Amino acid sequence: MPGAIHAEGLVKTFGDVRALDGVDLDVPEGTVLGLLGPNGAGKTTAVRCLTTLLRPDSGRAVVAGVDVLKHPDTVRRSIGLSGQFAAVDDYLTGWENLQMVGQLYQMRSKAAKARAAELLEQFHLSDAADRPAKTYSGGMRRRLDLAAALVVSPPVMFMDEPTTGLDPRNRQQLWEVIKQLVSGGTTLLLTTQYLEEADHLAHDIAVVDHGRVIAQGTSDQLKARTGGERVEVVVHERDHIAEATEVLRGLGKGEITVEEHTRRLTVPVTGGAKLLAEIIRELDARGIEIDDIGLRRPTLDDVFLSLTGHVAEAAAPDAQDGSRAETGKEALK
Ligand SMILES: Nc1ncnc2c1ncn2[C@@H]1O[C@H](COP(=O)(O)OP(=O)(O)OP(=O)(O)O)[C@@H](O)[C@H]1O
Ligand SMILES: [Mg+2]
């Protein structure tokens, strides 16, 4: 049985550009698929085809049990879409924006009001509800846009880069809202350039590049394809680097990388957490003080690099920072 979102062989060309080059997707009901890819990969084109905004040249799609090409109007009634660029009316207040959507869907006025109030509350916009949207910050606009997409509580949602351009705090807040939404049973397809975001939110990740799904699986499955775990150690004193290297040579499984200036040593390992404990004991026994130690599994950045041979350009600096910051913490989880 096909999932809540099902696509087969979607092709869409714009002149010479094959924006979609045969995309297959399956999103089981109540799950989140992260469509992950760099600029120009075809993410928005896929979302537009699945949400009836664009007709593919070939292929078929079924959303919420309905054929997208044959019955677009029916599909539209079962889906919500939050586009890549927030579609709020600047001159209306937050409150009016949501009411307007309710009217578009022919909700009764009382029900539309109640729903608007509920969403403003949920998205932390109640205080700003009576201000025109043009006075909102980027994060507030993004939240209002998502709220607007949820006025009719659609069973299937599409979000095209929901957190692009948001600061880390706003991104985290939005993640919480999205998690809440999904725990209520909504099926979600979300596109992102942030590898970390797909990792956080998606049950399944489809990596797209040049209009094709080049890999699909859970975050763990994708990471496993990239190869094994490493232990990273930051020793407190530069003088201890040599001896720590010796310890890692004894316990690790391969070539040790040493970054002198950061006092960071990295070694491939097998045996994960158990071995990590062993390394800590051995370093401690020799009186080698450490600033940080962690078991590092491949990040989705590594995954992308190994699958495509290039980094996800736009996402790389941001995501790399994220993975560095996480390294130390991962060991403590
Ligand atoms: N209406 C259009 N006319 C011409 N070319 C288009 C059109 N829409 C998309 N394309 C091209 O199709 C390709 C895929 O674009 P798409 O917008 O789907 O990528 P994306 O993965 O959403 O990228 P981004 O991360 O920048 O949003 C790009 O090469 C783009 O230039
Ligand atoms: Mg896009």
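# Close-up views of a predicted model

**View 1. Leu35 and Ala206 link two strands.** In S9, Leu35 has Ala206 as its bridge partner. The two strands here are S3 (residues 32-36) and S9 (residues 204-209), and they pair in the parallel sense over four bridges. Keep in mind that this is a predicted model.

**View 2. Step back to see the six-stranded sheet.** S3 and S9 belong to an open sheet of six strands, in the order S6-S7-S8-S3-S9-S10, and the pairing is mixed. Which strands sit at the edges? They are S6 (79-82) and S10 (212-217), each of which pairs on one side only. Going from one strand to the next, the twist averages 15°. Helix H5 (residues 138-149) packs on this sheet and touches S6 and S7 (156-160). The direction of H5 makes about 165° with that of S6.

**View 3. Here is the four-stranded sheet.** This open sheet has the order S2-S1-S4-S5, with antiparallel pairing. Look for Val63, whose bridge partner in S5 is Val66.

**View 4. Strand S1 has a partner on either hand: S2 and S4.** How many bridges join S1 to S2? There are eight, and the two strands run antiparallel. Ala7 stands opposite Leu25 in S2. Turning to S4, five bridges join it to S1, again with the strands running antiparallel. On that side, His6 stands opposite Val62 in S4. S1 and S2 also make a hairpin with two residues between the strands, and Gly15 there takes a positive phi near 60°. Helix H1 (residues 43-50) lies across S1 (5-14), S2 and S4, running at about 120° to S1.

**View 5. Two helices, H9 and H10, pack against each other.** H9 (residues 241-251) and H10 (residues 272-285) make an angle of about 145°, and their axes are 10 Å apart. H9 passes H10 in a right-handed crossing. Who meets whom? From H9 come Ala244, Val247, Leu248 and Leu251, while H10 brings Leu275, Glu278, Ile279, Glu282 and Leu283. Sort the residues of this contact and you get seven nonpolar, no polar and two charged.

**View 6. Now for the nonpolar cores.** In soluble globular proteins, nonpolar side chains tend to be buried together. In this model, the largest nonpolar core has 43 residues, and those with the most contacts inside it are Leu98, Phe123 and Leu188. What does Phe123 touch, if you leave out residues up to four places away in sequence? Its contacts are Arg143, Leu146, Ala147, Leu150 and Val177. Another core lies apart from the largest one and has 27 residues, including Leu10, Leu20, Val27 and Phe158.

**View 7. Helix H3 has a covered side to explore.** Which residues of H3 (residues 94-104) are buried? They are Gly94, Asn97, Leu98, Gln99, Val101 and Gly102. You have met Leu98 already, among the residues with the most contacts inside the largest core. The cover over the buried residues of H3 includes helix H4 (109-122) and H5. After H3 comes Gln106, which has a positive phi near 55°.

Methods
Residues are numbered from 1 along each chain as its sequence is written. Chains are lettered from A and ligands numbered from 1 in the order in which they are written. This is a predicted model: local features need pLDDT of at least 70, side-chain atom pairs count only at pLDDT 80 or more; totals for chains, interfaces and linings use all residues. Side-chain values use heavy atoms; hydrogens and water are left out. Two strands pair if DSSP finds at least two bridges between them. Contact means heavy atoms within 4.5 Å. Axes are lines fitted to C-alpha atoms, for helices over the stretch in contact, and angles run from 0 to 180 degrees between N-to-C directions. A crossing is left-handed if the near helix is turned anticlockwise from the far one by less than a right angle, and right-handed if clockwise. Ala, Val, Leu, Ile, Met, Phe, Trp, Tyr, Cys and Pro count as nonpolar, Asp, Glu, Lys and Arg as charged, and the others, Gly among them, as polar. A nonpolar core is a set of buried Ala, Val, Leu, Ile, Met, Phe, Trp, Tyr and Cys residues joined through side-chain atoms within 4.5 Å. Buried means under 20% relative accessible area, exposed over 50%, partly exposed in between (1.4 Å probe, protein chains only).
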